Amino acid sequence: MSTAVRPRRKSSWTPSQIVLTLLGAAVSVVFLAPFAWGLFTSLKSETEAVEVPPHWLPKHWTGQAWKALFDTGNITDWFVNSLVVSVCVTSVVVLVSALAGYGFARTEFRGKGLLMGVVMSGLMVSPAVLGVPLFTTVQQMGMVDTYWGMILPQCAPAAMVYILYKFFQGIPHELEEAAFIDGAGRWRVFFTIVLPLSRPSLAAVGIFTFIASWNNFLWPYMVTNNPDLMTMPNGIATVMNSYGIQWAQLMAGGLMAGLPLIVVFVFFQRQIVAGVAHTGLAGQ
């Protein structure tokens, strides 16, 4: 005689789960509040955007700021420039960091420790300190007001080399030794074994580099005077007139500049989390 299986009742929430859920909701509200404020402000008129005391919801909903941004600003060119620079910087950084990290992790050569120390010293130097010597170098090479002048100085991040270096150290040597026994060379091992295993960390490095390059304001501002080469952060900074900053247009431009980053995070959040997790475990 078969006994009927009673369905399990869903366990009620424990106090700790309730507290953590409320805490997560509160943190989410704190992070989402600036986006909501920017969106509501962009849908106000310029007069209403500077009213004191401020209010969240517009009294009169209008898309005037968005229309003015597209009419007066060259926002399409800014977007394309940011996209070109960020994609090129990301591609070069991923390739160079992977090669450098693998070289440090798997090869032995004279002066390796000294060279590794030079690379790591880049973690202690602020990019702002290097602004003047980098600009002088770019100017002497004739790359001011060019895409290459914006791209190349951003392509040597010591942090990304270190991240991939630590990850490559965690890959078992036996995998590569088996390939060497089968007749594979160093380059074939790197491209067919090491890189496929490194996809999570490579994705994380690529995403972090893209975000940093897209948000970079200082270097493109220093190296370009041509309005046609402005990136999104630099172009948005010009949204002002003789009466001061146009806050509604500024909020609209800021939201448009942040939209690609939000899309990147939404579609690649798995890779970001997996990359950080694998990178953290690689050194253990």
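Me: What makes the lining of the largest pocket nonpolar, polar or charged by class?

Reply: The lining of the largest pocket divides into 25 nonpolar, seven polar and no charged residues. The classes follow from residue type, because Ala, Val, Leu, Ile, Met, Phe, Trp, Tyr, Cys and Pro count as nonpolar, Asp, Glu, Lys and Arg as charged, and the others, Gly among them, as polar. The model is predicted: local features need pLDDT of at least 70 and side-chain atom pairs count only at pLDDT 80 or more, while totals for chains, interfaces and linings use all residues. Residues are numbered from 1 along each chain as its sequence is written, and side-chain values use heavy atoms, with hydrogens and water left out.

Me: Why is this space called a pocket, and how much space lies in it?

Reply: On a 1 Å grid over the protein atoms alone, a pocket is an open set of points with protein on both sides within 12 Å along at least five of seven lines, whereas a cavity is a set where a 1.4 Å probe fits but cannot get out; lining residues have an atom within 4 Å of a point. Grid points are joined across faces, edges and corners, and a volume is the space filled by probe spheres set on the points.

Me: Which residues line the largest cavity?

Reply: The structure holds one cavity of 30 Å³ or more, and the volume of the largest cavity is about 40 Å³. Its lining consists of Ser-82, Val-85, Ser-86, Gln-154, Ser-213, Trp-214, Asn-216, Pro-220 and Thr-231. Of the elements, α4 gives the most, with three residues. By class, this lining has three nonpolar, six polar and no charged residues.

Me: What makes a set of residues a nonpolar core, and how many residues has the largest?

Reply: A nonpolar core is a set of buried Ala, Val, Leu, Ile, Met, Phe, Trp, Tyr and Cys residues joined through side-chain atoms within 4.5 Å. Buried means under 20% relative accessible area, exposed over 50%, and partly exposed in between, for a 1.4 Å probe and protein chains only. The largest such core has 32 residues, and Phe-168 and Val-194 have the most contacts inside it. To this core α4 gives the most, with seven residues. A second, separate core of 13 residues includes Trp-78, Phe-210, Ile-236 and Met-256.

Me: How do you know that α8 has close to its expected span?

Reply: Helices (H or I, at least four residues) and strands (E, at least two) are DSSP runs, numbered from the N terminus. The expected span of a helix is 1.5 Å times one less than its number of residues. With 12 residues, α8 reaches 17 Å from its first C-alpha to its last, close to the 16 Å expected. Its buried residues are Ala-158, Met-160, Val-161, Leu-164, Tyr-165, Phe-167 and Phe-168.
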